[in-house]
Amino acid sequence: MAHPRLTPRVQRRAALAASGWLALAATAFPGGSPVRWIPVLAFVVLAPGLALLLPQPLGLRPGARLEALALAAPVSLSVATLVATTLFLTKSFSLTVFLVVLALFVSVVATLPGVPLPAATRGAVERDGARPSGTRTLRIRSPRFRERGTGGGG
């Protein structure tokens, strides 16, 4: 019986979903150990945003990948702040509960299509030949300034 092959897209989604549970497992190491805080920090800073942005239905242009990665960090920190604030207000905050909630969030969101990024499928700046027909080009002339002499003053 042939086993279905996992596409790279499914593998990335599975790795993203597993990253939260790996970060949670890393909390078993001693407190100051880099083996503990590096995976947890990387997960909290990147995973929720990547889960929301990267599973794009049509894929991303090469330039848009960098933009999505740059946007993933603030989105992740926003989600983490909302989760932490909610846990503080309900007086149930602990690192374990915080990571479990984020890991559940990332696991669920990684299975869904990403938030559409309009600039991901087209160029942010249209080329001259890409203007719709019938549109006019507005030329802006910059004012000309006279050069100052070396003596300064006006």
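1. Lys-91 is exposed, with a relative accessible area of 77%; exposed denotes over 50%, buried under 20% and partly exposed the range in between, using a 1.4 Å probe and protein chains only. Lys-91 belongs to the loop that connects helix 3 and helix 4. Although Lys-91 is not a glycine, its phi is positive, at about 55°. Most residues other than glycine have a negative phi.

2. A word on the basis of these values is needed. The model is predicted, so local features need pLDDT of at least 70 and side-chain atom pairs count only at pLDDT 80 or more, while totals for chains, interfaces and linings use all residues. Residues are numbered from 1 along each chain as its sequence is written, and side-chain values rest on heavy atoms, with hydrogens and water left out.

3. The protein chain contains 5 helices and 0 strands, in the order α-α-α-α-α along the sequence. Helices (H or I, at least four residues) and strands (E, at least two) are DSSP runs numbered from the N terminus. Of the 154 residues, 26% count as buried. Among contacts (heavy atoms within 4.5 Å) between residues at least 6 apart in sequence, 71% join residues at least 24 apart.

4. How far does helix 3 reach from its first C-alpha to its last? Helix 3, residues 62-89, has 28 residues and reaches 41 Å, close to the expected 40 Å; the expected span is 1.5 Å times one less than the number of residues. A kink of about 25° is found at Ala-72, shortly before Pro-74. Such a bend is the angle between axes fitted to the seven residues ending at a position and the seven starting there. The buried residues of helix 3 include Ala-64, Ala-68, Ser-76 and Leu-87.

5. Helix 2 bends by about 40° at Leu-46, with the proline Pro-48 following within four residues. Its buried residues, among them Phe-43, Ala-47 and Leu-53, pack against helix 1 (8-26), helix 3 and helix 4.

6. Val-40 is a residue of helix 2 and counts as buried because its relative accessibility is 12%. Setting aside residues up to four places away in sequence, Val-40 touches Ala-23, Thr-27 and Leu-99. The C-alpha atoms of Val-40 and Leu-95 are 9.9 Å apart, although 55 residues separate the two along the chain.

7. Axes are lines fitted to C-alpha atoms, for helices over the stretch in contact, and angles run from 0 to 180 degrees between N-to-C directions. Residues meeting here include Val-44, Leu-50 and Leu-53 of helix 2 and Ala-68, Ala-72 and Val-79 of helix 3.

8. The axes of helix 3 and helix 4 (residues 95-109) come within 10 Å and cross at roughly 135°. That angle makes helix 3 oblique to helix 4. Val-79, Ala-80, Val-83, Ala-84 and Leu-87 in helix 3 meet Val-97, Phe-98, Val-101, Leu-102 and Phe-105 in helix 4.

Terms used
Parallel < 35°, antiparallel > 145°, perpendicular 65-115°, else oblique.
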